[in-house]
Amino acid sequence: MTTNQLSIFMENKPAQLVKVTETLKEKGIDIRAMSLADTKDFGIVRMIVSDVEKAQSAMREKGFMSTITKVMCVAMSDTPGGLHTIIQLMADAGINVDYLYACITEIGKDAYIVMHVDNEKKAGEVLKEANIRMVTADEIAKLA
């Protein structure tokens, strides 16, 4: 089970992120989870948004290059070691986690992690076998 992630590529200079967030605000698009990584010259914003196609269209209108990528979203215990359990399962199965980022849904409830792995099918099987819940795109969209 996967959800769609929007990745936006931009120059690493002042006000670029402002343009991204302003565009989403103008289009009425909510950010559900977000990660920003950079190099000296460029950055990549990865995000789960309320309407990925509308967001990608808006980014293109503003001149940003973007892609939509399938990622897995997993519910994990919001306790110390919750993330370790999932990462250990991936490692034991020989699955590489390319990147991940997290968001809290409500304190004391499950936290969600968004992750991109090198073997999505196998990762899904491992998580299912361990009774770890995959989060649907609809659940993410309904986050308040």
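Searching the whole structure for aromatic pairs turns up 0; to pair, rings of Phe, Tyr and Trp (its six-membered ring) need centres within 6.5 Å. This is a predicted model, where local features need pLDDT of at least 70 and side-chain atom pairs count only at pLDDT 80 or more, while totals for chains, interfaces and linings use all residues. Residues are numbered from 1 along each chain as its sequence is written, and side-chain values use heavy atoms, with hydrogens and water left out.

One ring does have a charge over it: R46 sits over the face of Y99, 3.7 Å from the ring centre (the test is NZ of Lys or CZ of Arg within 6 Å of the centre and within 35 degrees of the ring normal).

Now for the strands, which are DSSP runs of E, at least two residues long, with helices being H or I runs of at least four, numbered from the N terminus.

| Pair | Sense | Bridges | Example partners |
|---|---|---|---|
| β1 and β4 (65-76) | antiparallel | 7 bridges | Q5 and T69 |
| β1 and β3 | antiparallel | 6 bridges | M10 and G43 |

On to the largest pocket, with about 160 Å³ of space. A pocket here is an open set of points on a 1 Å grid over the protein atoms alone where a 1.4 Å probe fits, with protein on both sides within 12 Å along at least five of seven lines; lining residues have an atom within 4 Å of a point. Of the 12 lining residues, T3, N4, V49, V52 and A137 are closest to the centre. β1 (3-11), β3 (42-49) and α5 (137-141) each give two or more residues to the lining, and α5 gives the most, with 3.

Note on methods
Points joined across faces, edges and corners; volume = space filled by probe spheres on them. Pairing = 2+ DSSP bridges. Phe/Tyr/Trp six-rings, centres within 6.5 Å; stacked < 30°, edge-to-face > 60°.
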